[in-house]
Amino acid sequence: MADQGRGAGDGHGARDVRAVRGKGVPDDVARAWDELVATARRTVADGLVVGTSGNVSVRVADTVLVTPTGVPYDRLTPDAVVGVDLDGRQVLGSLRPTSELPMHLAVYGATGARAVVHTHAVHATAVSTLVPELPLIHYMSAALGGAVRVAPYATYGTQELAENMLRALEGRTACLLQNHGTLTYGSTLAEAYDRTAQLEWMCRVWLTASTVQGLTPTLLSREQVAEVEARLRGYGQPG
């Protein structure tokens, strides 16, 4: 699907924003929807979801824009905009929101998140079936708040799953969902997506190292990860 990786800032994105605005949607919502679509398509292009599995949301004021249920991401158009309020009542669009809406709303209700990404990434899902938390295989665990926990299994789309997820997220910005996938959040869609990609990469590293016969992967201590977490607070460019 050639357009799955396109960004929100290219010519197509500008046209999408204009088309959404033409539906009477405010500019900030139109821009957020276009970025959401680009992010959802990126999860497919990067192999983090298959078909219509996984979902993406972004909060604009008191409206949560979400991917609709059962619609392939390459078919999302400006007309497909879907938005709910913080209680889950639909306020934008006619398509039904993702079946995982309870998880998304639970994150927004319990944290300062502005964006949520949920995937069925292969390596992360595999890890979720093996251990109660991802072992500290790499110092970038610090970027997610520490060892990433696995939320106990519950049927998708249920309040039970949302509650299990929130417990696993305490003090973290990411968790694994047992026999299911991943969930990450951030202050932007880019940040939430980057955390998803980082989590999948660390799961792949641990699984790869664990397959070497006769050897056991060296793990970091919680103190070592905490030291990195402190250093990361000053990472990057000012502002």
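I started with helix α5, which lies across β6, β7 and β8 (181–186) and runs at about 135° to β7. For angles, axes are lines fitted to C-alpha atoms, for helices over the stretch in contact, and the angle between N-to-C directions runs from 0 to 180 degrees. Helices (H or I, at least four residues) and strands (E, at least two) are DSSP runs, numbered from the N terminus. The model is predicted, so I kept its limits in mind: local features need pLDDT of at least 70, side-chain atom pairs count only at pLDDT 80 or more, and totals for chains, interfaces and linings use all residues. Residues are numbered from 1 along each chain as its sequence is written, and side-chain values use heavy atoms, with hydrogens and water left out.

Next I looked up helix α6 (residues 189–210). It lies across β1 (55–60), β5 (115–119), β7 and β8, at about 145° to β8.

**The sheet**

In what order do the eight strands of the open sheet stand? I read β4-β3-β2-β1-β5-β8-β7-β6, with mixed pairing. Two strands pair here if DSSP finds at least two bridges between them. β4 (90–92) and β6 (150–151) are at the edges with a single partner strand each, so one side of each has no neighbour in the sheet. I then checked β6 against β7 (residues 174–177): the two run parallel and are joined by two bridges. Val150 is opposite Leu176 in β7.

**Leu166**

Back to α5 (residues 159–169), where I found Leu166. Is Leu166 buried, exposed or partly exposed? Its relative accessibility is 28%, so I logged it as partly exposed. Buried means under 20% relative accessible area, exposed over 50%, and partly exposed in between (1.4 Å probe, protein chains only). I left aside neighbours within four places in sequence and listed its contacts: Ala106, Val107 and Ala110. Contact means heavy atoms within 4.5 Å. I also noted Met103, 63 residues from Leu166 in sequence but 8.4 Å away, C-alpha to C-alpha.

**The cores**

I went on to the largest nonpolar core, which has 23 residues. Such a core is a set of buried Ala, Val, Leu, Ile, Met, Phe, Trp, Tyr and Cys residues joined through side-chain atoms within 4.5 Å. Met103, Val107, Met165, Leu169, Cys175, Leu177 and Leu183 touch the most other members. Two or more residues each come from β2 (63–66), α3 (101–110), α5, β7 and β8. α3 gives the largest share, six residues. Apart from this core I found another, of 22 residues, including Val37 and Val71.

I checked the cover on α3: seven of its 10 residues are buried. Among them are Met103, His104 and Tyr108. Then I took Leu169. Beyond four places in sequence, Leu169 is in contact with Val107, Arg149, Ala174, Cys175, Leu183 and Tyr185.

**Ser141**

Ser141 is buried, at 2% relative accessible area. Neighbours within four places aside, Ser141 is in contact with Leu136, Gly146, Met202 and Val225.

**Totals**

I counted seven helices and eight strands. Buried residues make up 48% of its 239 residues. Of the contacts with a separation of 6 or more, 64% join residues 24 or more positions apart.
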